[in-house]
Amino acid sequence: MVDELVLLLHALLMRHRALSIENSQLMEQLRLLVCERASLLRQVRPPSCPVPFPETFNGESSRLPEFIVQTASYMLVNENRFCNDAMKVAFLISLLTGEAEEWVVPYIEMDSPILGDYRAFLDEMKQCFGWDDDEDDDDDEEDDY
């Protein structure tokens with residue numbers, strides 16, 4: 001009986017190791033795809049877009065308001081491309097680099113519902129990267145888009 005349990009435990013440990021390796025490989029592929037998507041999105045710009053393509057955001061708190069305004073403005077003039085919250089959040093994620101990119105990875109890994117909720121995603125970004133909500137007005141245009 002003990003030998004059978006030892007064999008079963010060994011098999012489970014081997015399976016866990018194999019799944020861990022596969023998970024690491026998949027996460028690396030996901031990271032590469034997110035980077036490739038961001039690169040492709042930077043190349044795809046409507047010829048007559050009156051709003052410039054937003055700059056990337058690396059987690060620097062002082063740049064967060066500018067990043068949110070830039071991305072909200074860009075999505076507003078290209079509303080046909082950003083028809084739902086998931087598309088908006090994916091667009092924001094594609095522009096994250098450095099610390100901000102590292103911050104979002106756990107949300108992607110656990111397929112968090114926040115990835116489909118633009119307002120909630122913005123709120124999380126604001127909380128993590130130091131946005132003072134006391135200065136916000138609930139009717140701000142960037143929150144509406």
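These notebook entries record what I looked up in the predicted model of this protein chain.

**Conventions.** I number residues from 1 along each chain as its sequence is written. In this predicted model, local features need pLDDT of at least 70 and side-chain atom pairs count only at pLDDT 80 or more, while totals for chains, interfaces and linings use all residues; side-chain values use heavy atoms, with hydrogens and water left out.

**Overall.** I found six helices and zero strands in the protein chain; helices (H or I, at least four residues) and strands (E, at least two) are DSSP runs, numbered from the N terminus. Buried residues account for 31% of the 145 residues, where buried means under 20% relative accessible area (1.4 Å probe, protein chains only).

**Helix H5.** I checked the span of H5, residues 118-129. I then listed the buried residues of H5: Tyr-118, Phe-121, Leu-122, Met-125, Lys-126 and Phe-129. Down the axis of H5 they fall within an arc of 140°, so they line one face of the helix; the arc is that of the directions from the helix axis to the C-beta atoms. An α-helix has 3.6 residues a turn, so residues three or four places apart point the same way.

**Ends of H5.** At the start of H5, I noted a side-chain oxygen of Asp-117 within 3.4 Å of the backbone nitrogen of Arg-119. Just after H5, Gly-130 has a positive phi of about 80°.

Notes: Expected span 1.5 Å × (residues − 1). Buried < 20%, exposed > 50% of the residue type's maximum accessible area, 1.4 Å probe, protein only. Polar contact = N/O pair within 3.5 Å; in protein donor to acceptor, adjacent residues only side chain to side chain.
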